[in-house]
Amino acid sequence: RTLGRLTGAGISTDSRIVKSRAKWSGRHDSTDWRVRLQIPRQASNVYDSILANNELMAPLIPSRGIFWPLTPAVVVQHSANYNPLAQTHSNYPFQAYQNSQVDSYNIIGEFPVQNSEDAKHWVATVNFLRTVTKMYFGKDSQPLKGNPPPILHMSGYGDHVFNKVPVVVNTFNVELRPGIDYISTKQTQVGYGQGRVDPTLAAAVEAGESQSWAPTLSNISVLVTPVYSRESLKKFSLSEFARGELSGKGEGDIGFI
């Protein structure tokens, strides 16, 4: 199935991506280095409000969020800002250090869909991104009512690249291309994860019940911004950061980048 999805996405069999065996199904082991956005484990109230007992988001429960099934393009920019101080009768200004920051960065990747199970993941992924760009509002109950969109953890490419980096989602784009096939699916947990087609799908299509259609190939890009609280910044140390000790490997830690 993995090779079929890659071939359908226009990736040749001699590509390095084939060796990575990127696929939709989630993995629980520590070697999963795919780029992903997850609800933090300590944010149980956010998890309960978004993923728990949610048939629409059921495919995302094992990974606590979304991931890119194929290797995406990630553009990251770090900057140190200096304020030039002009001096009288001088050819060069003095550069006064102001601050450093990690700018917002874009994650752009293809999402191939080859069957109804993949389509469930695609629908859940889009709905997840719609959800995490909205605040708790209206009929939401306390204590979450009035809270801004949730902070997520971004991970990918191992411990010392992105590991539990706290981010907020600024924008996301889904490209629905013309001229490609669409696969129908009915979002339900019946038969999910057992390697077979949902037995209610055919009946739902014939009866005209509510269903969704996912493109066999689409692009999803997400713009995220790292966010750190004042309390977490107190734990920062440049020497520890240089040694990779602030990469978020400990239980309950976050990753500095």
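Predicted model: local features only at pLDDT ≥ 70, side-chain atom pairs only at ≥ 80, totals over all residues.
Seven strands make up an open sheet, and their order is E2-E1-E7-E8-E11-E6-E3. The pairing between them is antiparallel. In general, strands of a sheet pair through backbone hydrogen bonds, in either a parallel or an antiparallel way. The edges here are held by strand E2 (65-67) and strand E3 (73-75). Each of these has a single partner strand, so one side of E2 and one side of E3 are left without a neighbour in the sheet. On average, and with direction ignored, neighbouring strands of this sheet are turned by 30 degrees against each other.

Strand E6, which covers residues 105-112, is joined by 8 bridges to strand E11, which covers residues 217-226. The two run antiparallel. Within this pair, glutamate 110 stands opposite asparagine 219 in E11. Helix H4 (residues 116-131) packs on the sheet. Its contacts reach strand E1 (36-38), E2, E6, strand E7 (152-156), strand E8 (162-175) and E11. The direction of H4 makes about 35 degrees with that of E11.

Attention now turns to charged side chains. Side chains of opposite charge can pair when their charged atoms come close. A search of the whole structure finds 5 salt bridges. Glutamate 175 is partly exposed, with a relative accessible area of 37%.

Two further pairs can be described along with the exposure of their members. Lysine 234 forms a salt bridge with glutamate 231, where the closest N and O atoms are 3.5 Å apart. Lysine 234 is exposed, at a relative accessible area of 64%, and glutamate 231 is exposed too, at 51%. These labels follow because exposed means over 50% relative accessible area. In the other pair, the side chains of glutamate 245 and arginine 243 meet in a salt bridge at 2.8 Å, N to O. Arginine 243 is exposed, with a relative accessible area of 54%, whereas glutamate 245 is partly exposed, with 48%.

Technical notes
Residues numbered from 1 in each chain as written. Heavy atoms only, no water. Pairing = 2+ DSSP bridges. Helix = DSSP H or I, 4+ residues; strand = E, 2+ residues; numbered from the N terminus. Axes fitted to C-alpha atoms, helices over the stretch in contact; angles between N-to-C directions. Contact = heavy atoms within 4.5 Å. Salt bridge = Lys/Arg side-chain N within 4 Å of Asp/Glu carboxyl O. Buried < 20%, exposed > 50% of the residue type's maximum accessible area, 1.4 Å probe, protein only.
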